[in-house]
Amino acid sequence: MSDEEVVVNKNKAHRKDKPWDTDDIDHWKIDPFTPADNKGGTFFEESSFATLFPKYREKYLKEVWGAVTRALDHHGVACTLDLVHGSMAVRTTRKTYDPYIILKARDMIKLLARGVAVAQAVKILDDNMACDIIKIGSLVRNKERFVKRRQRIIGPDGSTLKAIELLTQCYVLVQGSTVSVMGPYKSLKEVRRIVLDCMKNIHPIYRIKELMIRRELAKDPKLANESWDRFLPAFRKRHLKTSEKTAKKNERAAAKGEARAAAGLDPEKVEKEKSKKKVYTPFPPPQQPRKVDLQLESGEYFLKPKEREAKEAQKRKEKQAEVAAQRQAEREAAYVAPAEEAAPTVEEKRKRKRHAEEGQESEGKKEKKVKKVKAVEDAPAGEETKKKKKKHRHGDEDA
């Protein structure tokens, strides 16, 4: 084997150079589908799709249906508008050459039914454009809560919606119980995630912040092969379930016990309250009054709806006023001056002095009495008998 021979990998032995395959060719580029690409000719069967539209869209669709027809005729797709049944339909014809265009036409009439303008809906016919209609009506039961969360997607003066559109390069329209999105496939996934999380009470600003950080990190080629988790914010849920709260409480108690054991202290004993045994009775508990029964008792049931609302509003105002007064009192308590003792006057000083002197005198008298009693008790018994005899003698003489 000579030195000039080059060792070739056996897996690449039969590969040849491709002079036509240069670096400036984009292999991921999707070329537009032309009539020349359709080698099979006309389609064997007709494909059609139909969709209903709401009553308020009827006037607009009548006005722009000519533009819709012209846009679809260019691709060989026929369309019909049925105002009696309130529906739109598209179908293939003998002129249709692109087999996928009928699905694009179906998406177009869906977007028109959901309130998208015709100038924007026509863009869905491009190969690089896709759409997604997100249904949000059944995600939240409470109507007021649903309206508030839907409004969060739009934001004040549409600022949140504009930020989502700029970061994802998508067109987003919030209409009724659906959110219509148009844009690249990857961006549709991001918008769907933002919308669904918003309806689950996660504010869109968190996802927007994450997208902004990802956008900046994508500019740095050094981080192309690294994990971005350390740069992305990790938001913690504030509202925990009861089981999660209990688990966290147990974890804290275990950590505290380990710390006490490490310090050489006895672990804290947690005494559980003994549940009182209920007395067994064969009778069921008494029937609780219904809401209607309570309203009948108070007379609220017979009030008109406006009067009832006014009464509830009055109660709410009274409660608010009470809470406001309580908070005001708590705020003012910090500025209340502490009680100060006034300096004693000349007369009070004299009285105190006099009382002190009288107390000393009384104490002196008490001490003298105590001394006398002690002296009498300590005297010998002989002296006592002598004193008694003297008393007897004096008594005889007097007699």
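What follows is a conversation about a sheet, a helix and a pocket.

Modeller: Keep in mind that this is a predicted model.

Colleague: How many bridges join β1 to β3?

Modeller: Bridges show which residues face each other across a pair of strands. Five of them join β1 to β3 (residues 87–92). Leu52 has Ser87 as its bridge partner in β3, and Thr51 has Met88.

Colleague: Over how many bridges do β2 and β3 pair?

Modeller: Six bridges, again in the antiparallel sense. Val77 is partnered with Thr92 of β3. The hairpin of these two strands, β2 and β3, has four residues between them, and Gly86 there takes a positive phi near 70 degrees.

Colleague: Now the helix α2. What length does α2 reach, and what is expected?

Modeller: A helix can be checked by comparing its span with an expected value. Helix α2 (residues 101–113) has 13 residues and reaches 19 Å from its first C-alpha to its last, close to the 18 Å expected. Just after α2 comes Gly115, with a positive phi of about 100 degrees.

Colleague: Why is α2 described as largely enclosed by the rest of the structure?

Modeller: Count the buried residues, taking buried as under 20% relative accessible area. Ten of the 13 residues of α2 are buried, so the helix is largely enclosed by the rest of the structure. Among them are Ile101, Ile102, Met108 and Leu112, and also the charged residues Lys104 and Asp107.

Colleague: Last, the second largest pocket. Which helices each supply at least two residues of its lining?

Modeller: For a pocket, ask which elements supply the lining and what kinds of residue they bring. In the second largest pocket, α5 (159–168), α6 (185–199) and α7 (204–218) each supply at least two residues. The largest share, four residues, comes from α7. About 280 Å³ of space lies in this pocket.

Colleague: What classes of residue does the lining of the second largest pocket have?

Modeller: By class, four are nonpolar, two polar and four charged. The lining includes Leu167, Thr168, Glu190, Arg214 and Trp228.

Key
Residues are numbered from 1 along each chain as its sequence is written. This is a predicted model: local features need pLDDT of at least 70, side-chain atom pairs count only at pLDDT 80 or more; totals for chains, interfaces and linings use all residues. Side-chain values use heavy atoms; hydrogens and water are left out. On a 1 Å grid over the protein atoms alone, a cavity is a set of points where a 1.4 Å probe fits but cannot get out, and a pocket is an open set with protein on both sides within 12 Å along at least five of seven lines; lining residues have an atom within 4 Å of a point. Grid points are joined across faces, edges and corners, and a volume is the space filled by probe spheres set on the points. The expected span of a helix is 1.5 Å times one less than its number of residues. Buried means under 20% relative accessible area, exposed over 50%, partly exposed in between (1.4 Å probe, protein chains only). Two strands pair if DSSP finds at least two bridges between them.
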